[in-house]
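Subject: Structure for you to look at

Hello,

Here is the structure I said I would pass on. My notes on what was found in it follow below.

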Amino acid sequence: MIQRIQSLFLILNDVIFVVLFFVPFMVIFDNKGEQFGRRFTLADYVPALIGEIVIVVIAGFALVLFKDRKKQMKVCMIGMVISVLYAVGLAAIPFILNGDKSSFSTYQTASGTYIACAHFVLFLLARIFIKRDEDLVQSV
């Protein structure tokens, strides 16, 4: 049901998607200094945008599966795995790009990378509460 707490966690996954359009997840500093850094948001980097869209679709799909809690738990597990891979990928981008010494730029992760880790936590909390509901129904 939409009024359940796990639905709130799944909706918060979609809210994070919107927040990441305004919060940078990577900053590039060139040899001019830190004040001239270019901040990349979700709209500036297509692979990150695709990953976020996949996570949002999975969260939305889990939200509409409220009648079948077992499938909903499986979808949340898939969302947890994808969100971990996505967060690791976002955190690894600066390390991969810093390996290219042909440019004089420095890449750093920004706050958006850490906000994206919240997807995993929200999927985990949703799964815990879905499991709690399933156990409650089974006990009756």
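**Isoleucine 16 and its contacts**

Leaving aside residues up to four places away in sequence, isoleucine 16 touches Ile115, Ala118, His119 and Leu122, where contact means heavy atoms within 4.5 Å. The model is a predicted one, in which local features need pLDDT of at least 70, side-chain atom pairs count only at pLDDT 80 or more, and totals for chains, interfaces and linings use all residues. Residues are numbered from 1 along each chain as its sequence is written, and side-chain values use heavy atoms, with hydrogens and water left out.

Isoleucine 16 lies in helix α1; helices (H or I, at least four residues) and strands (E, at least two) are DSSP runs, numbered from the N terminus. Its relative accessibility is 10%, so isoleucine 16 counts as buried. Buried means under 20% relative accessible area, exposed over 50%, and partly exposed in between (1.4 Å probe, protein chains only). From isoleucine 16 to cysteine 117 the C-alpha distance is 10.0 Å, although 101 residues separate them in sequence.

**Aromatic pairs**

There are 2 aromatic pairs. Rings of Phe, Tyr and Trp (its six-membered ring) pair if their centres lie within 6.5 Å; planes under 30 degrees apart count as stacked, over 60 as edge-to-face and the rest as tilted. Phenylalanine 9 and phenylalanine 129 make a tilted pair, 5.7 Å centre to centre with 35° between the planes. Phenylalanine 9 is in helix α1 and phenylalanine 129 in helix α5, so this pair ties together parts that are 120 residues apart in sequence. Phenylalanine 9 is buried at 13% relative accessibility, whereas phenylalanine 129, at 21%, is partly exposed. The other pair joins phenylalanine 17 and phenylalanine 21: the ring centres are 5.2 Å apart and the planes at 80°, so it is edge-to-face. Here phenylalanine 17 is buried at 17% and phenylalanine 21 partly exposed at 30%.

**Nonpolar core**

The largest nonpolar core has 31 residues, and those with the most contacts inside it are Leu10, Phe25, Cys76, Tyr86, Leu90 and Phe123. Such a core is a set of buried Ala, Val, Leu, Ile, Met, Phe, Trp, Tyr and Cys residues joined through side-chain atoms within 4.5 Å. At least two of its residues come from each of α1 (5-19), β1, α2 (46-64), α3 (69-98) and α5 (118-139).

**Sheet**

Three strands form an open sheet in the order β2-β1-β3, with antiparallel pairing; strands pair if DSSP finds at least two bridges between them. β2 (38-40) and β3 (106-109) are at the edges with a single partner strand each, so one side of each has no neighbour in the sheet.

Regards
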